Amino acid sequence: MTTLTPCLWFDAEAQEAVDFYLTVFPNSRITDTTYYGEAGPRPADMVLTVEFELDGHPFTALNGGPEFSFSEAVSFQIDCTDQAEVDRYWGALTADGGQESMCGWLKDKYGLSWQVVPRRVVELLADPDSGRAQRVMAAMMPMRKLVIADLEAAADAS
């Protein structure tokens with residue numbers, strides 16, 4: 001079976017970023033690290049790639065140089081079971097220079113975009129009562145971090 005592995009392009013922060021992500025996501029580990037050699041194009045012994053897993057999902061971090069940076073066009077969605085999990089991921093990923101965005105989106109301190117989404121929101125948006133679902137959507141749009149209780153209250157409002 002083919003494995004799809006996202007490759008995250010960093011200037012020179014691959015190891016630092018991976019070390020950070022390992023503190024945020026449970027069941028995570030580094031599986032391999034490679035280094036630039038004398039042939040370059042970066043200094044010999046600088047980290048080239050870090051192969052790692054976040055909660056069992058494979059990733060590669062590459063120190064590719066300053067030519068490219070992340071954008072919101074690609075993000076990683078975190079499926080959260082409850083508000084405590086939303087709060088934990090939100091706090092960890094916005095810490096030390098991360099930036100809140102709208103509707104549960106944020107950028108971490110490396111500029112990588114994440115969607116921190118409680119399962120309950122998905123359920124509310126799929127409510128067969130379209131009025132409830134639309135009230136949830138209207139309440140969610142101006143939010144930064146998603147707050148389940150506020151979205152449930154919006155669903156139940158008449």
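What percentage of the 158 residues in the protein chain do buried residues make up? Buried residues account for 38% of them, where buried means under 20% relative accessible area, exposed over 50% and partly exposed in between, with a 1.4 Å probe and protein chains only. The model is predicted, so that local features need pLDDT of at least 70 and side-chain atom pairs count only at pLDDT 80 or more, while totals for chains, interfaces and linings use all residues. Residues are numbered from 1 along each chain as its sequence is written, and side-chain values use heavy atoms, with hydrogens and water left out.

The secondary structure comprises five helices and eight strands, taken as DSSP runs numbered from the N terminus (helices: H or I, at least four residues; strands: E, at least two). Along the sequence these elements follow the pattern β-α-β-β-β-β-α-β-β-β-α-α-α.

| Property of the protein chain | Value |
|---|---|
| Box filled by the C-alpha atoms, along the principal axes | roughly 70 × 30 × 25 Å |
| Accessible surface (Shrake-Rupley method, 1.4 Å probe) | about 8700 Å² |
| Part of that surface belonging to carbon and sulfur atoms | 53% |

The largest nonpolar core has 27 residues, of which Phe10, Tyr21, Phe52, Ile78, Trp114 and Val116 touch the most other members; such a core is a set of buried Ala, Val, Leu, Ile, Met, Phe, Trp, Tyr and Cys residues joined through side-chain atoms within 4.5 Å. At least two residues of this core come from each of strand 1 (7-10), helix 1 (14-24), strand 3 (47-54), strand 4 (57-63), strand 5 (75-80), helix 2 and strand 8, and helix 1 gives the most, with six residues. Leaving aside residues up to four places away in sequence, Phe52 touches, among others, Leu8, Val18, Tyr21, Ile30 and Phe59, contact meaning heavy atoms within 4.5 Å. A second, separate core of eight residues includes Val121, Met140, Leu146 and Ala155.

Ala155 is also one of the buried residues of helix 5 (residues 148-156), together with Ile148, Leu151 and Ala154. Seen down the helix axis, these buried residues fall within an arc of 125°, so they line one face of helix 5; the arc is that of the directions from the helix axis to the C-beta atoms. They pack against helix 2 (83-94), strand 8 (113-118), helix 3 (119-125) and helix 4 (130-140).

Leu125, which is placed in helix 3, is partly exposed, with a relative accessible area of 30%.
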